[in-house]
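Trainee: I would like to learn how to read the contacts around a ligand. Where do we start?

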Amino acid sequence: MLSKYNIVTLFPKLIDEWSETGIISKAHESSLFELSTTNLRDYGLGDYHQVDDAPYGGGPGMVLMPEPLDNAISANKLDINIFLTPSGDQLNENLITELHTFQSANIICGRYEGFDQRIIDMHADYQISIGQTVVSGGEVPALFLLEALIRKIPGALGNAESLLTESFTDGKLDHPVYTRPEVYKDKEVPSVLLSGNHKKIEEWKKNNLTDI
Ligand SMILES: C[S@@+](CC[C@H](N)C(=O)[O-])C[C@H]1O[C@@H](n2cnc3c(N)ncnc32)[C@H](O)[C@@H]1O
């Protein structure tokens, strides 16, 4: 299982705070996974710890320079290096399963206009996108990827059964779910779910899965 993660980022606090919340913090306290951060700024160049520079050929924004990233990644050798980039492979359950065949990973967060291509050519084992839209940095995509990975580690979820029925398992989307009250603003819970008839309830659940 992929359970040792090092996040290379300019904003390590974001990762630290996330690791202290909800099921992730419980799994962390139970040592189900190891998490460290590498502050890219510590590998910045010169007095100002520079990590970015203007793009060759012109254009908007700044580009992450190769040397700080090269040094940060080389100082933390793990099984694989995952670069987060909108142009990467789209994240899905098959990719999560494939990543879990490794033990440890650097997850590298971009910023600004992204990475100097040479650092990707030198170090990337995987380039992953979490969706066909762009956010300002790799940290939120990294947290998304981490949660998707960690919830698959045995013991991480309070109820392991959730994993068997949730969306994207067996090419289906999960059925709708309801809780109390039985009627809310004239909207009723499907009566079969209140019937106590387990066979019928299971049938209803199965019939209400949606094909992807
Ligand atoms: C503003 S984006 C760079 C966008 C880049 N110029 C482009 O158009 O592809 C800055 C960083 O955010 C992260 N990022 C943004 N959107 C992402 C996505 N959909 N999936 C993964 N990472 C993303 C990447 O690490 C990226 O290097």
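Mentor: With the polar contact: a pair of N or O atoms within 3.5 Å; within protein, one must be able to donate a hydrogen and the other to accept it, and residues adjacent in sequence count only if both atoms are side-chain atoms. This model is predicted, so local features need pLDDT of at least 70 and side-chain atom pairs 80 or more, while totals for chains, interfaces and linings use all residues. Residues are numbered from 1 along each chain, and side-chain values use heavy atoms, without hydrogens or water.

Trainee: How far is the polar backbone atom of T133 from a nitrogen atom of the ligand?

Mentor: The distance is 2.8 Å. Ligand oxygen atoms lie 2.6 Å from a backbone N or O atom of L84 and 3.5 Å from a polar backbone atom of G137. The protein buries 82% of the 590 Å² that the ligand exposes alone (Shrake-Rupley method, 1.4 Å probe).

Trainee: Is H123 buried or exposed?

Mentor: H123 is buried, because its relative accessible area is 16% (buried is under 20%, exposed over 50%, partly exposed in between, with a 1.4 Å probe and protein chains only). H123 belongs to helix 5, residues 117-123, and its side chain makes a polar contact of 2.7 Å with the side chain of D70.

Technical notes: Helices (H or I, at least four residues) and strands (E, at least two) are DSSP runs, numbered from the N terminus.
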